[in-house]
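Student: I have a structure open on my screen and would like a close look at a single part of it. Could you take me through one chain and the place where it meets its partner?

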Amino acid sequence: MSFVVPKESFNGKVASVDFGKDDKALTIGGDSALPFLSFEGELPNKPVVAYEIQDCPPDDWPDTVREVYKDVSGDPVTWAKYCQDEQGAKAIALRLVSTHPDRGDKSAEEASQTIKDVLAAISVPLIILGSNHIEKDSTVLVAAAEAASGNNCVIGKAQEGNYKTIVAAALAHNHKLIAMSELDINLAKQLNILITQMGFDKNKLITDPMCSALGYGLEYTYSVMERIRLAGLAQNDPTMQPPILGDVGMYVWKVKETVASEADVPEWGSLEERGIAWETLTATSLILSGANLLIMRHPSAIENVGKTIDELV
Amino acid sequence: MALTGVQVFKLLPKTNCKKCGFPTCLAFAMKLAQGGADISACPDVSEEAKTTLGEASAPPIRSFAIGTGDKAPKMGAETVMFRHEKKFVNPCAIAINIKDNDDSLAAKAEEVANSEIDRVGQILRVEAISIECASGDSATYEAAVKLAAEKAPEAALILNCKDAAVVEAAVKAVADRKPLINGATDENAEAMAAIAKANSCPIIACADGLEALSALTEKIKGLGVEDIVLDSGAKSAKEIIVNNTQIRRAALKKSFKPLGYPVINNVIRDNAILEASIASVAIAKYASIIVVSSVEKWKTLALFTQRQNIYTDPQVPMQVEQKIYEIGEPTADSPLMITTNFSLTYFIVAGEIENSKVPSRLAVMDSEGLSVLTAWAAGKFTAAKIAVFIQESGIGDTLTNKELILPGQVAILSGALEDKLGDWKITVGPREANAIPTYLKGRE
Ligand code: SF4
């Protein structure tokens with residue numbers, strides 16, 4: 001018996017989505033093979049990792065990741081420039097945390113000003129995220145889309161409860177859009193259908209099936225992503241062909257393993273490395289299951305995921 | 001590929017002598033084909049027929065354990081490419097590589113012996129030690145292997161040495177531990193296979209690329225050794241994912257026997273975080289053993305957890321233990337919420353309570369792993385059952401005010417629950433978990 005390479009080819013293809021502008025623009029997706037199996041299809045674009053920043057100091061981030069940014073995180077513009085210029089960020093994700101009714105309840109106008117200031121200071125692509133408050137996001141993200149008009153940003157997240165206004169705004173101002181549903185392939189599909197039925201181009205959509213941290217439901221996110229990718233490639237289901245987002249940092253940097261000190265849990269070893277490893281392994285697992293875009297926090301985790309990606313392609 | 005009863009019958013002696021306990025060879029053949037009998041029951045069957053039958057009924061990926069005892073890691077027997085199709089069977093074993101001339105060998109072996117931790121009810125450990133012959137000296141190597149075996153009495157041993165004479169002495173020193181010999185190459189296959197066969201040890205077949213590897217496993221098998229582990233020479237993460245995927249596909253989809261064995265990957269890197277990351281690639285993508293350079297506690301915790309996530313059964317909802325969980329450091333005045341024991345529900349609700357920074361208690365009730373609405377619809381999360389759980393927990397005695405916060409999705413239960421839990425106040429909480437932080441802060 002002699003060995004023959006067992007190849008599988010698919011009819012479907014992941015959409016290519018570009019964001020940002022000029023020479024700093026990025027493209028994700030375009031895959032016609034499963035992640036990193038380039039021997040049987042095209043994988044034209046590497047997964048992209050965006051640095052997460054927010055519009056208020058990250059008081060709720062654990063020390064390991066808060067300390068890194070302590071000199072710059074008081075101001076989103078300084079923070080964004082630091083990520084771009086000092087850390088070499090290829091993309092930045094600005095989360096408008098302080099618009100949340102519990103976190104300062106800043107107005108849509110204030111958020112718009114922050115976005116304009118950040119956009120003026122950086123040249124890499126910007127991902128603009130709401131505070132994950134369904135009602136508030138539906139006004140904040142509409143204003144954000146307008147403020148960022150002409151910058152080809154990624155805006156999110158549109159969810160079942162608020163997608164209509166956000167989709168309309170992304171459409172009007174020519175942005176890419178993140179559609180988020182909760183860990184269910186059918187919900188993801190349904191939301192993508194609703195959004196494209198509004199006339200939104202499916203090639204401008206990014207799907208977020210909801211992230212989970214290592215040890216806290218990661219297997220669900222992993223399998224939902226894998227199933228979305230298989231549906232897009234093997235079944236050629238156009239509603240399952242947007243590139244996939246893994247919003248890793250915010251799910252990781254709150255679980256006990258990234259917070260509990262070595263004094264409290266000696267059997268878990270060094271807190272600093274444990275936290276960084278937690279974010280790294282969550283992200284690495286998700287690029288294996290299909291994520292094309294990741295949002296992460298710790299520079300060392302981002303660096304090691306980058307090295308892993310470089311080894312994988 | 002399974003044979004039919006008639007195909008099996010053709011291989012039997014057809015004498016109907018009844019020694020197998022069946023009235024006819026055909027009856028025995030039918031039973032064999034269904035997997036209800038063992039070929040060894042027929043004393044007269046030819047060796048050739050045995051081999052054919054054995055191969056036909058063997059699983060597509062050979063299964064065996066490395067080492068001896070209850071803790072010997074099992075490997076192989078996998079049946080699918082993706083974890084959502086069916087549970088991945090035998091979790092990837094983690095091995096640390098130690099050089100035979102490393103002064104800290106004993107300490108590192110002890111680290112392996114003490115690596116056990118408990119995570120969500122499972123005991124997890126570093127399963128194996130790979131002792132590398134860096135000295136090139138037979139006596140040094142044998143002493144190192146013995147020392148590692150002694151310091152880590154339950155670990156599986158991997159003898160990482162390509163010199164057959166050196167391996168032979170070391171195998172004899174720890175023969176009772178059935179070490180995994182690493183390994184056979186095209187050059188030394190005869191000598192290594194002879195050692196493996198004489199000591200009933202498993203062996204690693206090491207070749208560059210899958211074509212050479214297939215030829216090598218055939219050769220080793222021809223020499224009488226069947227417990228083979230594959231080392232395809234993969235070094236980069238790309239080679240690991242591509243080779244491991246092709247190996248599993250060839251075995252499962254093409255019934256390609258020469259690659260129907262478990263896989264070992266070396267993931268050693270200079271940088272410890274990167275090493276953990278590459279290890280996680282191998283764990284997710286089909287490795288049965290990974291070899292790392294160090295087993296710091298933070299690193300093994302992350303790898304154990306990822307392995308556990310990948311190898312959980314996708315068909316059985318993960319459940320957490322029924323009990324009252326404390327989040328933060330709750331006092332007698334802290335709120336008490338209740339939810340079901342579907343692990344995802346628990347993770348999301350507990351995560352949002354953590355986000356609120358309000359110390360709280362979360363009563364997690366056994367609902368057979370169903371989410372709140374499903375459990376309610378299925379009659380597993382009813383007022384009567386909740387009342388029994390809360391009363392039996394005795395939690396009321398530790399609270400200043402007996403108040404229970406129900407998930408908003410089952411607000412309908414509040415009246416009945418108030419009747420059943422007479423002295424309790426029942427409050428309806430948010431419908432969605434992401435509204436919990438606002439809700440809890442609003443109560444303060
Ligand atoms: S023992 Fe063998 S030869 Fe005899 S009846 Fe059974 S199968 Fe046939």
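Tutor: Happy to! Let's begin with a term: accessible areas here come from the Shrake-Rupley method with a 1.4 Å probe. Taken that way, chain A exposes about 10800 Å², and carbon and sulfur atoms supply 47% of that area. Please keep in mind that this is a predicted model.

Now to the fold of chain A. Its secondary structure comprises 11 helices and 10 strands. The C-alpha trace spans about 65 × 55 × 35 Å along the principal axes of chain A. A compact globule of 313 residues would have a radius of gyration near 20 Å, and the 19 Å of chain A agrees with this. Of those 313 residues, 63% count as buried, that is, under 20% relative accessible area. Among the contacts in chain A with a separation of 6 or more, 67% are between residues 24 or more positions apart.

Next comes the partner. The size of an interface is often given as the accessible area lost when the parts come together. Chain B and chain A bury about 5000 Å² between them, with 63% of this on carbon and sulfur atoms. On the side of chain B, R249(B), I273(B) and W298(B) supply 14% of the area that chain B buries against chain A, more than any other three residues. Counted by contacts, 57 residues of chain A meet 59 residues of chain B.

Note on methods. Residues numbered from 1 in each chain as written. Chains lettered and ligands numbered in written order. Predicted model: local features only at pLDDT ≥ 70, side-chain atom pairs only at ≥ 80, totals over all residues. Heavy atoms only, no water. Helix = DSSP H or I, 4+ residues; strand = E, 2+ residues; numbered from the N terminus. Rg over C-alpha atoms; globule rule 2.2 N^0.38 Å. Buried < 20%, exposed > 50% of the residue type's maximum accessible area, 1.4 Å probe, protein only. Contact = heavy atoms within 4.5 Å. Buried area = accessible area lost by both parts, 1.4 Å probe.
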